[in-house]
Amino acid sequence: MPTLFVPHGAGPCFFMDWNPPTAWHAMAVFLQGLASTLPARPKAIVLISGHWLQPTFSVTSAARPGLIYDYHGFPPHTYELRYPAPGQPQLAARIVALLDQAALAGHADAQRGFDHGTFIPLKLMFPEADVPVVQLSLRSDLDPLAHIEAGRALHALRGEGVLIVASGMSFHNMRGYGDPRFAAISDEFDRWLTAAVESAPAQRDLALQRWEQAPAARLCHPPRAEEHLIPLLVAAGAAGHSSGHRVFSDRVMHTTLSAYRFG
C-alpha cells in the first residue's frame, strides 16, 4: 500500500452548502477517487488525524468506535452524519507493540471515537464504511522527528495490506483563510513542501524534520498550531524508501491546499 497525506477540509464542508458553492468541490472529487488508485482494497486503514493530540502516541482500540463531532457552529444535520466503520482491536494492539519496539510509548484507548479529521474524509474515500479503521493520535509535543519515527515504526503494515492515511491541511492559519494576502504566502510554502516531499527519501525526511525553516512556514502554520501539518511527517516516515509526489492541489479561500502520496 502507499501512504497518503490528504486534506480534510473545513469541518463538515463537503456535506453542507458553502459560499461559493464549488469551494470544496475539487477536493471532494479527489477524495472520492482515491480508492480507485490503490493497488488493492485495504484490509484496514490507520488514520493519523490532526485533531487528536495526546502526551503519548495513542490508538483507538474499540471494536465499534463512535464519532466525535468536534466542530462548532455548523448546520444541525452535520451533527447527524454517520460513519459506522468497525475498529480493529488486534491492529491497535499491534501498533502499540510496534511503537514500543521503536522506543516510542504507545497507548490503546478503548473509549476514543473517530474525530472529524477521520470520518469526514473517509466518508468520501470509503463511503460504505466497511473497511476497519484505527485512528492514531499525534504526540502533543508535535516533535517532528518523533512523528517521522512513529511512521517508520508502522512501515511494515504497508506490506500487510494496511493503508496509512495522514489527515490534515498543508496550509492551516485560520486567520489566513479568505485573505487574498495569503495566496502568495501559501504558494511559497507549498512549493517548498512539494520539493521536500519529492526529494530522495533521506533528504525528504531531513527537510520535513526542519520544516520550520521553510519559507513562510510559520505564516502558514503558526507556532503551536502545526498539528495539521505533522500528520504528513508520519506518512513520510511510513513511506520508507518509497518516493513521494503531489497528487492534488487547489486554491480554496485564497490559499493553496495540496495532497501527497508516497509509493
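**Rings, helices and strands**

Reply: Ring pairs join Tyr 69, Tyr 71, Phe 74, Tyr 79 and Phe 119 into a cluster. Rings of Phe, Tyr and Trp (its six-membered ring) pair if their centres lie within 6.5 Å; planes under 30 degrees apart count as stacked, over 60 as edge-to-face and the rest as tilted. This is a predicted model: local features need pLDDT of at least 70 and side-chain atom pairs pLDDT 80 or more, while totals for chains, interfaces and linings use all residues. Residues are numbered from 1 along each chain as its sequence is written, and side-chain values use heavy atoms, leaving out hydrogens and water.

Me: How many aromatic pairs does a search of the whole structure find?

Reply: The search finds 11 aromatic pairs. One of them joins Tyr 69 and Tyr 71 edge-to-face, with 6.3 Å from centre to centre and 80° between the planes. Tyr 69 is partly exposed at 23% relative accessible area, whereas Tyr 71 is buried at 4%. Buried means under 20% relative accessible area, exposed over 50%, and partly exposed in between (1.4 Å probe, protein chains only). Phe 171 and Phe 182 also form an edge-to-face pair, 6.0 Å centre to centre with 70° between the planes. Phe 171 lies in the loop between strand 6 and helix 6, and Phe 182 in helix 6, so this pair ties together parts that are 11 residues apart in sequence. Helices (H or I, at least four residues) and strands (E, at least two) are DSSP runs, numbered from the N terminus.

Me: Helix 6 also holds Ser 186. Is Ser 186 buried or exposed?

Reply: Ser 186 counts as buried because its relative accessibility is 2%. Contact means heavy atoms within 4.5 Å. Leaving aside neighbours within four places in sequence, the contacts of Ser 186 include Phe 171, Cys 220 and Thr 256. A polar atom of the Ser 186 side chain lies 3.0 Å from the backbone nitrogen of Thr 256.

Me: Which residues of helix 7 are buried?

Reply: The general idea comes first: an α-helix has 3.6 residues a turn, so residues three or four places apart point the same way. In helix 7 (residues 201-209), the buried residues are Pro 201, Arg 204, Asp 205 and Leu 208. Seen down the axis, these buried residues fall within an arc of 95°, so they line one face of helix 7. The arc is that of the directions from the helix axis to the C-beta atoms. Ala 202 and Gln 203 are exposed on the face turned away from the buried side. The cover over the buried residues of helix 7 includes helix 4 (144-153), helix 6 and helix 9 (230-239).

Me: With which strands does strand 1 pair?

Reply: Two strands pair if DSSP finds at least two bridges between them. Strand 1 pairs with strand 6 (residues 162-168) in the parallel sense over five bridges, and Leu 4 stands opposite Val 165 there. With strand 8, strand 1 pairs in the antiparallel sense over three bridges, and Thr 3 has Phe 262 as its bridge partner. Five of the five residues of strand 1 (residues 3-7) are buried, so the strand is largely enclosed by the rest of the structure. Thr 3, Phe 5 and Pro 7 point one way, and Leu 4 and Val 6 the other way.

Me: What is the peptide bond from Asn 19 to Pro 20?

Reply: That bond is cis, with omega near 5°. Pro 20 is found in the loop between strand 1 and helix 1 (25-33).

Technical notes:
A polar contact is a pair of N or O atoms within 3.5 Å; within protein, one must be able to donate a hydrogen and the other to accept it, and residues adjacent in sequence count only if both atoms are side-chain atoms.
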